[in-house]
Amino acid sequence: HLRSRTMGSSAAPPSPPTMTMPPLSETLKIPCLRNALLWGIGVGFTAGAHKFRMNGMALNRRAVVQACDRAVLAFIAGGGVAWVTLRREYDAKELQLRDKLKALHRPKQRKAAAPDGGL
C-alpha cells in the first residue's frame, strides 16, 4: 500500500537542512570579539602559568592538569567578562552616535516642513 503511493511520485525527497560555518575572517568582524578573545587568552595563560608555578613547577601529571584546568576556566571567565564589558561600551557609543545623527537631521526636517520660510 505504501509502495504504490511512493512509486507514482517522481520528485526527490527534500534534502535535510545544512548548517554552514562562516569563515574565521567573517567571524572576527563581530564587534569586540577579537579583543575579548585576546583578553581571554592573556588571562587564561597568566592564570595557568601562576597555578603551575604555585604547584612547585613540578612536571607531574597532576600539576599540569590543574594548571590547564585553571587556564581554560580563566580563559572562559576572562573572555566572557571582557566580551560583556567591551560590548556594553560599544553599544553605549553606538547609541550616542545615533542620538547625534538624529539631532543633526532634526533641523533639516523642520526647515523642509515650514512653508515659505516659516512665515
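Visitor: A salt bridge is a side-chain nitrogen of Lys or Arg within 4 Å of a carboxyl oxygen of Asp or Glu. How many does the structure hold?

Guide: Two. This is a predicted model, where local features need pLDDT of at least 70, side-chain atom pairs count only at pLDDT 80 or more, and totals for chains, interfaces and linings use all residues. Residues are numbered from 1 along each chain as its sequence is written, and side-chain values use heavy atoms, leaving out hydrogens and water.

Visitor: Which residue does arginine 98 pair with?

Guide: Glutamate 94, with the closest N and O atoms 2.8 Å apart. Both lie in helix α4, four residues apart, about one turn of the helix. Helices are DSSP runs (H or I, at least four residues), numbered from the N terminus.

Visitor: And arginine 87?

Guide: Arginine 87 bridges to aspartate 91, closest N and O atoms 3.8 Å apart. That pair is also four residues apart in α4 (residues 61-113).

Visitor: How accessible is aspartate 91?

Guide: Partly exposed, at 39% relative accessibility. Buried means under 20% relative accessible area, exposed over 50%, partly exposed in between (1.4 Å probe, protein chains only). Arginine 87 is partly exposed too, at 25%.

Visitor: Switching to α3. Which residues are buried there?

Guide: Leu33, Ala36, Gly40, Gly44, Ala47, Gly48 and Lys51.

Visitor: What comes after α3?

Guide: Glycine 56, with a positive phi near 90°.

Technical notes
Helices (H or I, at least four residues) and strands (E, at least two) are DSSP runs, numbered from the N terminus.
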